[in-house]
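Please have your viewer ready.

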Amino acid sequence: MAGTVSDYMERLIRVQSQLGNEVDDIIVSKEEQILNLNREDQLFNKGIDINGSLLGKYRNTLNGSGRGYPKTAGDPFNFYDTGSLFSNFSLLSQGNANKVVINNSDSKVNLLTTKYGDFIGLTEENKYRLNYEIIYPELMAFIKQYL
């Protein structure tokens, strides 16, 4: 992509003006992967809140069939019962503001938040993963197309 300094500056300005929209596009295309940082990694696998604190452990073993069972005494809560909580996660991207908001519309969220605190959102570790493992490589590929 050889050219004059003026050509390069035009491409640079075009990239700069499109960055927010490109981040939004990346977030939309990676929505499930991003939501899984919260629902699968943090809640289901680790049972932690947005600060990385354990939300609780099962006192007794709960037998059942299906995903999330058995719930063994001493294991962290996995917050998977009917699947309703996990299926009601959604993203709101504000690429121009460099912000991603994770929401959950499940009817039990307010009750759970009152009892356990903030668990809808990402830990610092998962914010890092979002920025540097999900968004950054895609954004660099976009930029390299023009520069």
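The model is predicted: local features need pLDDT of at least 70 and side-chain atom pairs count only at pLDDT 80 or more, while totals for chains, interfaces and linings use all residues. Residues are numbered from 1 along each chain as its sequence is written, and side-chain values use heavy atoms, with hydrogens and water left out.

**Pockets**

A pocket here is an open set of points on a 1 Å grid over the protein atoms alone, where a 1.4 Å probe fits and protein lies on both sides within 12 Å along at least five of seven lines; lining residues have an atom within 4 Å of a point. Volume is the space filled by probe spheres set on the points, which are joined across faces, edges and corners. Residue classes put Ala, Val, Leu, Ile, Met, Phe, Trp, Tyr, Cys and Pro as nonpolar, Asp, Glu, Lys and Arg as charged, and the others, Gly among them, as polar.

| Pocket | Volume | Lining by class |
|---|---|---|
| Largest pocket | about 500 Å³ | 14 nonpolar, four polar and three charged residues |
| Second largest pocket | about 360 Å³ | 10 nonpolar, four polar and four charged residues |

Elements are DSSP runs numbered from the N terminus, with helices (H or I) of at least four residues and strands (E) of at least two. The largest pocket has 21 lining residues, and Asn98, Lys99, Val100, Lys127 and Leu130 lie nearest its centre. At least two lining residues each come from α1 (5-29), β2 (99-104) and α5 (124-146). The largest share is that of α5, with nine residues.

Turning to the second largest pocket, 18 residues line it, and those nearest its centre are Phe79, Tyr80, Asp81, Leu112 and Tyr116. Two or more lining residues come from each of α3 (84-87) and α4 (109-116), and α4 gives the most, with four residues.

**Helix packing**

How do α1 and α5 pack? Their axes are 10 Å apart, at an angle of about 145°. Axes are lines fitted to C-alpha atoms, for helices over the stretch in contact, and angles run from 0 to 180 degrees between N-to-C directions. The crossing of α1 and α5 is right-handed, meaning the near helix is turned clockwise from the far one by less than a right angle. Contacts (heavy atoms within 4.5 Å) involve Arg11, Gln18 and Ile27 among others in α1, and residues including Ile134, Glu138 and Tyr146 in α5. By class, this contact has 11 nonpolar, one polar and four charged residues.

Helix α2 also packs on α5: their axes come within 10 Å and cross at roughly 145°, again in a right-handed crossing. On the α2 side the contact includes Ile34, Leu37 and Asp41, and on the α5 side Arg129, Leu130 and Ile134 are among the residues. Its classes are four nonpolar, three polar and four charged residues.

**Rings and backbone**

The whole structure holds 12 aromatic pairs, where rings of Phe, Tyr and Trp (its six-membered ring) pair if their centres lie within 6.5 Å, with planes under 30 degrees apart stacked, over 60 edge-to-face and the rest tilted. Phe44 and Tyr80 have ring centres 6.1 Å apart and planes at 90°, so the pair is edge-to-face. Because Phe44 lies in helix α2 (residues 31-46) and Tyr80 in the loop between α2 and α3, the pair ties together parts 36 residues apart in sequence.

Most residues other than glycine have a negative phi, and most peptide bonds are trans. Phe79, in the loop between α2 and α3, has a positive phi near 55°. Pro70 lies in the loop between α2 and α3, and the peptide bond from Tyr69 to Pro70 is cis, with omega near -5°.
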